[in-house]
Amino acid sequence: MKLESARVLVTGGSGAIGAAVCRRLGAAGAMVAVHYLQNEEGANQVVQEIEGMGGTALSLVGDLADRDAAEQVVSATVSELGGLDGLVCMAGATVGGGPFDELSADDWRAAMDANLMTAVNAAQAAQPHLEQTGGRIVFTSSVRGLGLAGREGIMAYSAAKAALINLTTTLAKDLGPEILVNAVAPGFVWTKNYEAMPEQLRKGFTDSTVLGRFIEPDEIADCYEFLLTTEIVTGQILVADGGFTLKLA
Ligand SMILES: NC(=O)c1ccc[n+]([C@@H]2O[C@H](COP(=O)([O-])OP(=O)(O)OC[C@H]3O[C@@H](n4cnc5c(N)ncnc54)[C@H](OP(=O)(O)O)[C@@H]3O)[C@@H](O)[C@H]2O)c1
């Protein structure tokens, strides 16, 4: 798939990584639907930046944990852009954290809703449109969803991101060859969420990688660009973690 004139919906486009992906797609000539939940200002800023480059973009609101809202976001994208060629599921949140013996059913549900169901609902709503165009789905997992890399304290988030990995491989078999389905599993990507953390914790994260530094949002956008344009890769998890999981081995 070529990005020039491609119609792509990015869920969580108002967030740090989502905004970087939207900018990258806009710069490549794609028409971008920038989805947000609460950060309307962030989404509109991304839209303005893409329009400033001479591109086409719009912002769309919706709680994608809700099936009907996901349907509305996808159908608004299709009617505004004239179809759908790519879906990037970026929406997610590190919610439902805490010690295992203190986690409530609501904590688990919150983590699953924000990270798994947002992606499931968006993909299900997008499927008929992507089938028409031979489109792409790119999910966003996390290194926390891989093998032994789940983290105590955010185990519901880790489990939801692990579920996305299984969903990626299974859905790739189910929807191929019309739709190619892949996922990115980012490591530590610098966002303002890390600013609030103690320096010692941040250092612990970067020391645990081969690169020894955070990844920039624009750097991880490379992965999404590749998985939206590949003609041959499907059912794969692109681990972009600066060597974090390598050092766990
Ligand atoms: N940063 C990292 O180091 C890292 C590492 C591994 C994986 N990830 C994953 O990468 C993705 C982006 O992370 P980020 O660091 O860019 O975080 P972020 O800045 O907090 O962005 C998260 C995005 O998800 C949206 N969102 C959250 N819950 C939602 C819901 N129920 N329905 C619809 N949208 C929802 C937010 O919308 P609003 O802001 O508009 O409310 C925001 O656009 C997430 O899936 C995250 O788990 C990040």
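Which residues are linked with Arg-24 in a network of salt bridges? Select Asp-218, Asp-222 and Glu-225: together with Arg-24 they form that network. A salt bridge here is a side-chain nitrogen of Lys or Arg within 4 Å of a carboxyl oxygen of Asp or Glu.

This is a predicted model, where local features need pLDDT of at least 70, side-chain atom pairs count only at pLDDT 80 or more, and totals for chains, interfaces and linings use all residues. Residues are numbered from 1 along each chain as its sequence is written, and side-chain values use heavy atoms, without hydrogens and water.

**Stop 1: Arg-24 and Asp-222.** Their side chains meet at 2.9 Å, N to O. Arg-24 lies in helix α1 and Asp-222 in helix α8, so the pair ties together parts 198 residues apart in sequence. Helices are DSSP runs (H or I, at least four residues), and strands are E runs of at least two, numbered from the N terminus. Arg-24 is buried at 18% relative accessibility; Asp-222 is partly exposed at 42%. Buried means under 20% relative accessible area, exposed over 50%, partly exposed in between (1.4 Å probe, protein chains only).

**Stop 2: Glu-49 and Arg-23.** Select this salt bridge next; its closest N and O atoms are 2.6 Å apart. Glu-49 sits in helix α2 and Arg-23 in helix α1, 26 residues apart.

**Stop 3: Lys-203 and Asp-207.** This salt bridge has its closest N and O atoms 2.7 Å apart. Both residues lie in helix α7 (residues 199–207), about one turn apart. Lys-203 is partly exposed at 40%, and Asp-207 is partly exposed at 43%.
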